[in-house]
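Please examine the sequence and the three-dimensional structure shown below. The paragraphs that follow lead through the sheet, the helices and several individual residues.

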Amino acid sequence: MVIGKKLENFSTQAFQASKGFVDISFEKDFLGKWSVVCFYPADFTFVCPTELEDLQSQYATLKGMGVEVYSCSTDTHFVHKAWHDHSTAIGKVEYIMLGDPSHKISKIFEVLNEDNGLAYRGTFVINPEGVVQTVEINELSIGRDAKALVDKVRAAQYIAKNPTEVCPAKWKEDGKTLKPSLDLVGKI
C-alpha cells in the first residue's frame, strides 16, 4: 500500500500540449508542490477520454490550489500526442500526460494489472514531501469524478496546515472539522 509512504524516484517522457515532449522526474517535478496523478488504462479507448476531459474541467481550479496534475497510462508519450491531436476530448487537455511503457511508474503506484499490462484507474494526491495522502483505485470499466478529487485535495491541504484536526465525511472547504479528543469518543 502506497498511502502514507514517500514515493521512490522515477523519470519518464511525457507530452504536454503547451510544451510538446518533456522529461519528468519525481525528484525534480513533484517534490516541493502538491501533485495529483491519475492513471488510466490506455489511450484511444472509451471511458478514459471522458475522465481526462472531466479532469481538464477541474485543472484551473487545481492549479489555483497550487497543484500540478499528471495523467499516466502505459502508452508512450508519442501515443499521447497522437491521441491529443485526434480526439476532441483529449485535445482540450493542458496538463502533463506521462508515458509509462516500461510499467515502472504503474508498479511504484501499485496500479499495474500484470495480466494485461494496463494500469487500473488510480488517483493519487501527493503532498510536497512526496508522500501519498489519498488513493482511489477503480476497476478498468468504472470512471471517476474530478469534482470529488478537488474536495479530497482541499481536505489534504487543510489537514497539512491543521494537523490536530480531521475532516469528517462530505467535508467541504468551509465546513466544520473535528478535533479528536477523549471528549468526542462515543458522542459522534
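Is K170 exposed or buried? With a relative accessibility of 79%, K170 counts as exposed; here buried means under 20% relative accessible area, exposed over 50%, and partly exposed in between, computed with a 1.4 Å probe on protein chains only. K170 is found in the segment after α6. Its phi is near 60°, a positive value in a residue other than glycine. Most residues other than glycine have a negative phi. H103 likewise is not a glycine and has a positive phi, of about 70°; H103 lies in the loop between β5 and α5 (104–108).

Some conventions apply throughout. The model is predicted, and local features need pLDDT of at least 70, side-chain atom pairs count only at pLDDT 80 or more, and totals for chains, interfaces and linings use all residues. Residues are numbered from 1 along each chain as its sequence is written, and side-chain values use heavy atoms, with hydrogens and water left out.

The sheet may be considered next. Helices (H or I, at least four residues) and strands (E, at least two) are DSSP runs, numbered from the N terminus, and two strands pair if DSSP finds at least two bridges between them. Seven strands form an open sheet with mixed pairing, in the order β2-β1-β5-β4-β3-β8-β9. Because β2 (20–25) and β9 (132–138) stand at the edges, each has a single partner strand, and one side of each is left without a neighbour in the sheet. On average, neighbouring strands of this sheet are turned by 25° against each other, direction ignored; axes are lines fitted to C-alpha atoms, for helices over the stretch in contact, and angles run from 0 to 180 degrees between N-to-C directions.

β1 and β2 are antiparallel and share six bridges. They form a hairpin with three residues between them, and F15 stands opposite F21 in β2. By contrast, β4 (residues 67–73) and β5 (residues 96–99) run parallel and are joined by four bridges. The bridge partner of S71 in β5 is M97.

Helix α4 (residues 77–86) packs on the sheet, where it touches β1 (11–16), β2, β4 and β5, and its direction makes about 15° with that of β1; contact means heavy atoms within 4.5 Å. Which residues of α4 are buried? They are H77, H80, W83 and H84. These residues cover an arc of only 115° around the axis, which puts them on the same side of α4; the arc is that of the directions from the helix axis to the C-beta atoms. An α-helix has 3.6 residues a turn, so residues three or four places apart point the same way. The covering of the buried residues of α4 includes β1, β2, α2 (47–57), β4 and β5. The exposed residues F78 and H86 are on the face of α4 turned away from its buried side.

Helix α2 has the buried residues C48, P49, E51, L52, L55 and Q56. They cover an arc of only 160° around the axis and therefore lie on the same side of α2.

Helix α6 (residues 146–161) lies across β3 (34–39), β4, β8 (121–126) and β9, running at about 145° to β3. Its buried residues include A146, L149, V150 and V153. The buried residues of α6 pack against β3, α2, α3 (59–64), β4, β8 and β9.

The cysteines come next. A disulfide is a covalent bond between the sulfur atoms of two cysteines; here it is counted as a pair of cysteine sulfur atoms within 2.5 Å. The structure holds zero disulfides. For C48, the closest cysteine sulfur is that of C38, 11 Å away, which is too far for a bond. C48 counts as buried, at 1% relative accessibility. C167 is in no disulfide either, and its nearest cysteine sulfur, that of C38, is 20 Å away. C167 is partly exposed, with a relative accessible area of 25%.

Finally, Y120 is found in the loop between β7 (118–119) and β8. Y120 is partly exposed, with a relative accessible area of 27%. Leaving aside residues up to four places away in sequence, Y120 touches residues including F39, Y40, V111 and I137. Y120 and S141 are 21 residues apart in sequence, and their C-alpha atoms are 9.2 Å apart in space.
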